[in-house]
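Hi,

Here is the structure I promised to pass on. Have a look at it first, and my notes follow below.

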Amino acid sequence: MGILSNLEPEPVFRYFEEICGIPHGSSNTKKISDYLMSFAMEHSLKAVQDDSNNVIIWKEGTAGYENAAPVMLQGHMDMVCEKEEGCEIDFENEGIRLQLQDGTISADGTTLGGDDGIAVAYMLALLDSTEIPHPPLETVFTVDEEIGMLGAAVMDASDLRARIMLNLDSEEEGYLLVSCAGGVSAVTHLPVERERTEGVRVLLAVTGLQGGHSGVEIDKGRANANQLLGRTLYELSRCTGTDEGNEPYGIPFRILQVSGGMKDNAIPRSAEAELVFDLSFRSEIEQIREKVNSLSDIYKKEYSHTDPDVKLEFQMTEEETIAQGMSADATKKVITALVGLPGGIQRMSADIEGLVQTSLNLGKLITTEEEVCCSFAIRSSVETEKQELVNRIRCLMDLLGGNVTCQGEYPAWEYRQDSPLRDLMVQVYEEQSGHKPVIQAIHAGLECGLFAGKLPGLDCVSFGPDMKDIHTPKESMDVDSVQRTWKYILEILRRLK
């Protein structure tokens, strides 16, 4: 018996649990894609799988709906794979371990993948049913949405006839999303020179941050671990001591590596740097430690409401180290980049109160032997502002001797004034709940924009059940909300005759 076996609607939760048992992180979607194709074959449904692992499954309309306009249901099969420190799961080869408590579904030490596994479960339950009335269905399962909507970008939509689309990739019941930001992933490449470095090795870490989705939670004011690491390194680079004549001098160090974050679209919860301090300044290490403790207290005060557990950790090895550290000039350039690169909200919308218009998130920080890379998720409802942010990053990289590469660009999904689908969904929601839904634009990427560009005249709305803390190990999904959303989907399909 599965963890969710006693929940209704039984097929939705059964398929969700099956999905959770299959590894399906971004860029690791072959197994779940093959699972969907096997499902189609077992149910004698027409299906196609492309080279990127996107899958489309068709189902004819039920009796009385044979001549109705086809309806597309769409969601993505990949999930963000984040785990708590100490969790030993192998996301490449293992499924996640579900937990159910007090009507809430979560995972043991990892992200849940409700974003967007619940969409896949809803669609499979519909395709499996022989009793639910519905128009002809085109169910579209895309890959790699979480790393730039790469699957939707390359999908051949020429076989899709539907111009009505239910996108099941939202996380708040009662909110109908009708517009979203466009975006692009930008990666800075800063070459670093290395040389023989002797000294005392120090590990500096930023831990305890809340993290979250870099689009829908960018307005929460949460700290970015990569940015805090850069700020800390800059403050340490300004530390001074005094010689016997009380003359001030700098306390030099070299960077071995900096790293932080796992995904562009997740606000990083931790980051670290390995440093080497010159042997002749061993006596000043305690002064550095005190500076780190002081900064830790400052961060706790600044982020007391959003990240109360933020902490700086400082560990020093007792033995002397000989390593290929970055040169003094490279160390300075890396610190300059981490401090100078923009981050967070850049502009709020003047048209929609409370909507973030333009932002970016330094989600991944990676060091190789040859370079330091900063990976950003850039979002904006205004195309020119998105490009301006890329140009700002490029200008700084030009000065520092680096460059910028971009990928996964996707368009904004513009608001449609006349939407029969939206009107119907508002009416059904009000009838079922007793109050009107909130019509909302979102500062996050949705595949709706890409499909709207591929399918002229597409009428689309995005919605879904309640989920919390997506893209973090605290992610959870509300059982009652999943049930209500299922009934909502069924009634919408019933009326699209």
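The structure has 2 cavities of 30 Å³ or more. For the cut-offs: on a 1 Å grid over the protein atoms alone, a cavity is a set of points where a 1.4 Å probe fits but cannot get out, and lining residues have an atom within 4 Å of a point. Grid points are joined across faces, edges and corners, and a volume is the space filled by probe spheres set on the points.

Before you read on, this is a predicted model: local features need pLDDT of at least 70 and side-chain atom pairs count only at pLDDT 80 or more, while totals for chains, interfaces and linings use all residues. Residues are numbered from 1 along each chain as its sequence is written, and side-chain values use heavy atoms, with hydrogens and water left out.

Largest cavity first. It holds about 270 Å³ of space. Its lining has 25 residues, and those nearest the centre are Glu 145, His 213, Asn 265, Arg 379 and Gly 445. Strands E9 (182-191) and E20 (371-380) each give at least two residues to that lining, with E20 supplying the largest share at 3 residues. (Helices, H or I, of at least four residues and strands, E, of at least two are DSSP runs, numbered from the N terminus.) By class, the lining of the largest cavity splits into 11 nonpolar, 7 polar and 7 charged residues. Here Ala, Val, Leu, Ile, Met, Phe, Trp, Tyr, Cys and Pro count as nonpolar, Asp, Glu, Lys and Arg as charged, and the others, Gly among them, as polar.

The second largest cavity comes to about 40 Å³. E9, helix H7 (328-340) and E20 are the elements giving two or more residues to its lining, and H7 gives the most, with 3 residues. Among the lining residues are Thr 188, Val 334, Cys 374 and Met 397. This lining has 8 nonpolar residues, 1 polar and no charged ones.

E24 pairs with E25 (residues 476-478) over 2 bridges, and Met 467 sits opposite Met 477 in E25.

Cheers

Note on methods. Pairing = 2+ DSSP bridges. 1 Å grid on protein atoms, 1.4 Å probe; cavity = no way out; pocket = protein on both sides within 12 Å on 5 of 7 lines; lining within 4 Å.
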